[in-house]
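Here is a short briefing for a reader new to this structure. Look at the sequence and the fold first, then work through the points below.

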Amino acid sequence: MWSEGSIKIGSDIFRYWVKHYDDGSQYGIDKGRISKLTLKRNGETVCNYDRGWDIEPADESTATALAILMKDYN
């Protein structure tokens, strides 16, 4: 299932897209339920996972947004 939305962290607004399943997988983040995830800030991709890390979070705001999505979907 795909989920999308936005998260506000401080003054940053992130758009996200997450592909998640009912059960964990070897392809999921930490072998969890999220197999694909994209976070964009101001139109720029700042975090991307597609069965492996393409772009890992590089700052605290992005890491916080990822942690929220991990709690909600993983």
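Lys-8 has Ile-13 in β2 as its bridge partner. The model is a predicted one. β1 and β2 pair in the antiparallel sense, over eight bridges. Start with this pair, then follow the sheet, the helix and the loops.

**The first hairpin**

- β1 and β2 form a hairpin, with two residues between them.
- Gly-10 sits in the turn and has a positive phi of about 60 degrees.
- Which residues of β1 are on its covered face, and which on its uncovered one? Ser-3, Gly-5, Ile-7 and Ile-9 make up the covered face. Trp-2, Glu-4, Ser-6 and Lys-8 make up the uncovered one.
- In a regular strand, side chains alternate between the two faces of the sheet.

**The sheet**

- Five strands form an open sheet in the order β1-β2-β3-β4-β5, with antiparallel pairing.
- β1 (2–9) and β5 are the edge strands, and each pairs on one side only.
- Neighbouring strands of this sheet are turned by 15 degrees against each other on average, direction ignored.
- Strands of a sheet pair through backbone hydrogen bonds.
- How many bridges join β4 and β5? The two strands pair in the antiparallel sense over two bridges.
- Asn-48 has Ile-55 in β5 as its bridge partner.

**The helix across the sheet**

- Helix α1 covers residues 60–73. The helix lies across β1, β2, β3, β4 and β5. It runs at about 145 degrees to β3.
- α1 has 14 residues. From first C-alpha to last it reaches 20 Å, close to the 20 Å expected at 1.5 Å a residue.
- Thr-62, Ala-65, Leu-66, Leu-69, Met-70 and Tyr-73 are the buried residues of α1. Seen down the axis of α1, these buried residues fall within an arc of 140 degrees, so they line one face of the helix.
- An α-helix has 3.6 residues a turn, so residues three or four places apart point the same way.
- What covers the buried residues of α1? The cover includes β1, β2, β3, β4 and β5.
- Glu-60 and Lys-71 are exposed, on the face of α1 turned away from its buried side.

**The start of the helix**

- Asp-59 lies in the loop between β5 and α1.
- Is Asp-59 buried, exposed or partly exposed? Asp-59 counts as partly exposed because its relative accessibility is 30%, and that class lies between 20% and 50%.
- At the start of α1, a side-chain oxygen of Asp-59 comes to within 3.2 Å of the backbone nitrogen of Ser-61.
- The C-alpha atoms of Asp-59 and Lys-19 are separated by 23 Å. Along the chain, these two residues are 40 residues apart.

**Two loop residues with positive phi**

- Asp-30 is in the loop between β2 (12–20) and β3 (34–41). Its phi is near 55 degrees, a positive value in a residue other than glycine.
- Asp-30 counts as exposed because its relative accessibility is 68%, and exposed means over 50%.
- Where is Arg-51? Arg-51 is in the loop between β4 (44–50) and β5 (53–55). The phi of Arg-51 is near 60 degrees, again a positive value in a residue other than glycine.

Definitions and conventions
Residues numbered from 1 in each chain as written. Predicted model: local features only at pLDDT ≥ 70, side-chain atom pairs only at ≥ 80, totals over all residues. Heavy atoms only, no water. Helix = DSSP H or I, 4+ residues; strand = E, 2+ residues; numbered from the N terminus. Buried < 20%, exposed > 50% of the residue type's maximum accessible area, 1.4 Å probe, protein only. Pairing = 2+ DSSP bridges. Axes fitted to C-alpha atoms, helices over the stretch in contact; angles between N-to-C directions. Contact = heavy atoms within 4.5 Å. Expected span 1.5 Å × (residues − 1). Arc of directions from axis to C-beta. Polar contact = N/O pair within 3.5 Å; in protein donor to acceptor, adjacent residues only side chain to side chain.
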